Amino acid sequence: MQIDIQARHFSLTDALRSHAERRLRFALICCDNHIKQVMMRLSDINGPRGGADKRCHLQVALTGLPTVVVEDTEADLYVAIDRATDRARRTVGRRLARQRDTARASGLHDTLAIAE
């Protein structure tokens, strides 16, 4: 899984990069074979004014499926990363489960048509 992390409007610290990579790998390890690339964009919308303005934008490129896009905005960037990666895990899992169900249903349907 290729991971690209970029920060906009602030400098990305080693601790923040490490946390983001660790959370992504942990959350998406179950689907690693189906993921081509993960792009994470971290931004501080309001700058030094504060508030719930730390954004984590994730794009997960899947093999043979549309890209999953998840975004979360919080006051704490670490919380935004945690929530966005968790939502990405659930969304990617659902998308892959639907693909499996569709493939099984079409394979089952073909098998039943041949048996008749």
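In the predicted model described here, K54 touches S43, D44, D72, T73, E74, A75, D76, L77 and A80, leaving out residues up to four places away in sequence. Contact here means heavy atoms within 4.5 Å. Residues are numbered from 1 along each chain as its sequence is written, and side-chain values use heavy atoms, with hydrogens and water left out. Because the model is predicted, local features need pLDDT of at least 70 and side-chain atom pairs count only at pLDDT 80 or more, while totals for chains, interfaces and linings use all residues.

K54 belongs to strand β3, which covers residues 54–62. Helices (H or I, at least four residues) and strands (E, at least two) are DSSP runs, numbered from the N terminus. With a relative accessible area of 19%, K54 is buried. The word buried stands for under 20% relative accessible area, exposed for over 50%, and partly exposed for values in between, using a 1.4 Å probe and protein chains only. The side chain of K54 also makes a polar contact with the side chain of D53, at 3.0 Å. A polar contact is a pair of N or O atoms within 3.5 Å; within protein, one must be able to donate a hydrogen and the other to accept it, and residues adjacent in sequence count only if both atoms are side-chain atoms.

Charged pairs come next. Side chains of opposite charge can pair when their charged atoms come close. A salt bridge is a side-chain nitrogen of Lys or Arg within 4 Å of a carboxyl oxygen of Asp or Glu. A search of the whole structure finds ten salt bridges. In one of them, the side chains of K54 and D44 meet with an N to O distance of 3.9 Å. K54 sits in strand β3 and D44 in strand β2 (residues 35–44), so this pair ties together parts that are ten residues apart in sequence. Both K54 and D44 are buried.

D72 takes part in salt bridges with two arginines, R83 and R87. For R83 and D72, the closest N and O atoms are 3.4 Å apart. This pair links distant parts of the chain, since R83 is in helix α2 (residues 77–115) and D72 is in strand β4 (residues 68–74), eleven residues apart. For R87 and D72, the closest N and O atoms are 3.8 Å apart. R87 lies in helix α2 and D72 in strand β4, so the pair ties together parts that are 15 residues apart in sequence. D72 counts as buried because its relative accessibility is 6%. R83 counts as partly exposed at 44%, and R87 is partly exposed as well, with a relative accessible area of 31%. A network of salt bridges links D72, E74, R83 and R87.

The strands can now be placed in their sheet. Strands of a sheet pair through backbone hydrogen bonds, either parallel or antiparallel. Two strands are said to pair if DSSP finds at least two bridges between them. Four strands form an open sheet in the order β1-β2-β3-β4, with mixed pairing. The edge strands are β1 and β4, each pairing on one side only. β2 and β3 pair in the antiparallel sense over nine bridges, and the bridge partner of M39 in β3 is Q59. β3 and β4 are also antiparallel, over seven bridges. C56 stands opposite D72 in β4, and the bridge partner of H57 in β4 is E71. In the hairpin of β3 and β4, which has five residues between the strands, G64 takes a positive phi near 75°. β3 is mostly covered, with seven of its nine residues buried.

The interior brings these elements together. A nonpolar core is a set of buried Ala, Val, Leu, Ile, Met, Phe, Trp, Tyr and Cys residues joined through side-chain atoms within 4.5 Å. The largest such core has 26 residues, of which V38, M40, L42, C56, L58, V60 and I81 touch the most other members. At least two residues of this core come from each of β1, α1, β2, β3, β4 and α2. The largest share, seven residues, comes from α2.

F10 lies in the loop between β1 (2–8) and α1 (14–28). F10 is partly exposed, with a relative accessible area of 25%. The C-alpha atoms of F10 and S43 are separated by 7.2 Å, although these residues are 33 residues apart along the chain.
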